[in-house]
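Biologist: Before we go through the contacts one by one, could you show me the sequence and the model together?

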Amino acid sequence: MIEQAKTTQSGALTATPADQGITRKQPSMWRSASASLVRARWPLLAVICLVTLVIVALFAPQIAPADPNRQHLIQRLQPPLSPNEQGESMYWLGSDGLGRDVLSRLIYGARVSLAVGVAAVAIGGLIGVFLGVVAGYAGGRTDDVIMRLADIQLAFPFILLAIMVLVVLGAGFLNLVIVLAIGQWVTYARIARGETIAQKRKDYIESARAIGVHGSRIVRRGILPNILAPLIVIASFNVAGVILSEAALSFLGLGVPPEVPTWGGMLAESRDQLLGGYWWLAVFPGVAIMITVLSLNILGDWMRDFLDPRLRGR
Amino acid sequence: MTTYLVRRLLQTIVVIFGVTILSFFALHLAGDPTYLYVSERATDEEVAETRAKLGFDKPLHEQYFSYVVGLATLDLGNSLRSRTPAFELVMERMPATLELTIFAILFATLLAIPIGILSATRRGTPLDGGIMLFAMFGQSMPSFWLGIMLILVVGLWLRWLPISGQVPIIQPLLDGDFQTAITNFPDAIRHLILPGITLGVFSLARNARLVRSSMLEVLNQDYVTTAKAKGLARHTVIMRHAFRNSLIPFVTIIGLEFGFLLSGVVVTETVFSWPGVGRLVFNAINQRDIPVVQAAVVMFSLLFVLLNLIVDVVYTRLDPRIRLS
């Protein structure tokens with residue numbers, strides 16, 4: 001403790017023994033994490049799926065066999081594996097009601113799903129962690145106000161408010177991300193608050209406070225690194241949840257503008273063609289959403305178990 | 001107990017206040033809400049006239065006050081399309097939505113309990129693995145996609161069940177026509193199966209996992225070991241000692257479940273052309289019929305808040321630990 005106080009006094013909270021312990025432990029934790037990932041197989045498969053998906057989304061223009069928005073009305077509703085008369089390539093996964101290539105639309109759709117999922121969780125996570133740490137660290141009235149706000153938001157079905165806000169503001173990428181981000185913050189705020197309160201009582205924080213280290217510095221260097229693990233687990237599940245919400249909102253026509261291909265939007269269009277038995281329009285976008293969400297959920301489950309061995313097998 | 005109830009009631013009032021604030025300000029997010037109520041080609045005079053008629057020229061707090069007064073007297077404005085009160089439009093369709101939601105809740109809870117128990121008591125077996133895999137899938141697919149797949153396979157290819165339409169039960173009951181309600185019942189269930197599964201499958205998967213994990217927790221407790229050790233039948237130990245206590249966390253989420261399902265009805269009803277509030281909201285979204293969307297959102301939220309209050313009150317009677325604290 002005395003040693004801690006000394007190092008902190010010299011202005012280097014990073015160099016406290018507690019932190020050193022964490023930095024020292026990190027490489028071995030990463031190693032054991034990757035070893036456990038390989039052993040567990042399913043999570044490894046999930047990671048492979050997600051990495052592939054990210055690559056596909058990033059390099060969509062290079063990978064997609066056709067322009068996702070180019071219409072060939074003569075070749076509309078072609079089943080999978082039918083030849084493209086332009087001689088370019090096949091309709092691997094068929095064509096839609098306007099003769100657009102389903103595979104290319106799927107590939108471009110990955111961009112929207114991943115971008116919305118990651119952006120909304122990142123923004124919601126930042127807001128939530130900030131408010132949660134402030135509430136937990138400050139306590140008192142600040143804590144009360146922030147947590148009551150969280151209670152109010154949790155007390156009614158958020159997606160309904162999202163619908164209302166998007167109808168007023170109009171659909172669009174930014175609006176969608178903001179609305180979904182607002183839907184996320186409460187989860188992070190509650191966890192960050194709980195963890196902050198738990199950390200605040202520990203000796204190293206108290207000694208740092210005692211010698212007058214500024215609050216924001218204590219939070220940044222002392223508290224945040226120690227509460228990140230549970231937040232990352234939640235983030236994995238939340239990206240999955242946001243992708244499902246985005247698909248639902250796109251399905252309702254409240255997502256990104258209609259000319260941008262999205263998986264939810266593709267499902268909405270498939271509904272009109274359902275009675276004709278054009279199954280490929282409905283099957284592939286749904287499978288794409290399911291694989292993505294399933295991978296994120298499996299990964300989240302694994303991370304939770306890895307960080308808390310008591311839960312293994314539950 | 002009384003203190004708890006009073007506190008809970010106060011909380012509910014705060015939340016209802018929050019709901020009104022949010023739904024009111026959502027309208028003002030895009031600036032002057034008048035433009036949501038007039039057509040795009042409206043002249044400046046028409047805009048000004050509408051603004052004055054709807055009171056959007058008054059200060060915000062006055063507008064909010066008259067909004068709350070309107071809410072209290074169940075006046076949520078008129079639909080921009082049909083010119084009928086939005087509240088009436090929502091209430092007309094509420095019975096169909098309630099039928100669907102109740103069916104989905106029954107599906108998601110009644111089935112989750114045996115599945116979860118089975119999975120927990122056969123922990124580690126292929127059966128357990130299969131159930132958990134199913135649960136993982138159930139939580140990972142968009143429900144409306146499952147709906148589309150069910151329409152495609154069960155409705156169009158196998159032709160086992162109807163893919164759209166609704167046969168009313170609650171409405172005839174409300175009208176006092178018990179005969180119709182009873183004769184409608186079998187056909188109503190046939191129409192409910194596909195949309196009900198679609199709406200409830202996510203909850204079913206989540207609940208099954210929840211029952212399983214809370215069963216596992218309880219099965220490891222000393223009193224269960226004691227019960228086994230004193231030679232009670234396996235069935236008795238599971239049902240009387242373990243299951244009853246594992247239900248506690250489960251009951252808490254039933255109220256939340258309802259709200260979750262209510263937010264799912266918009267997509268589900270759209271997929272199955274179910275004539276409920278969800279489909280009304282979908283159409284209103286497409287026609288930018290703001291008062292109807294607002295009325296539906298507010299009614300759903302209030303319903304959800306009140307139901308949670310009821311669940312919590314019932315819950316205190318079930319679990320003595322809450323009553324005492």
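Biologist: Which side chain does Asp143(A) meet in a salt bridge?

Modeller: A salt bridge is a side-chain nitrogen of Lys or Arg within 4 Å of a carboxyl oxygen of Asp or Glu, and here the side chain of Asp143(A) meets that of Arg193(A) at 2.6 Å, N to O. Asp143(A) lies in helix α6 (residues 140-154) of chain A and Arg193(A) in helix α9 (residues 185-200) of chain A, so the pair ties together parts that are 50 residues apart in sequence; helices here are DSSP runs of H or I, at least four residues, numbered from the N terminus. This is a predicted model, in which local features need pLDDT of at least 70 and side-chain atom pairs pLDDT 80 or more, while totals for chains, interfaces and linings use all residues. Residues are numbered from 1 along each chain as its sequence is written, chains are lettered from A and ligands numbered from 1 in the order in which they are written, and side-chain values use heavy atoms, with hydrogens and water left out.

Biologist: How many salt bridges does the rule find across the interface of chain B and chain A?

Modeller: The rule finds 1 there, in which the side chains of Arg209(B) and Asp301(A) meet at 2.9 Å, N to O. The side of chain B that touches chain A divides into 36 nonpolar, 13 polar and 5 charged residues.

Biologist: How many residues of each chain are in contact?

Modeller: Taking contact as heavy atoms within 4.5 Å, 54 residues of chain B are in contact with 41 residues of chain A.

Biologist: Where does the kink in α5(B) lie?

Modeller: The bend at a residue is the angle between axes fitted to the seven residues ending there and the seven starting there, and a kink of about 40° lies at Met94(B), shortly before the proline Pro95(B).

Terms used:
Nonpolar A, V, L, I, M, F, W, Y, C, P; charged D, E, K, R; others polar. Helix = DSSP H or I, 4+ residues; strand = E, 2+ residues; numbered from the N terminus.
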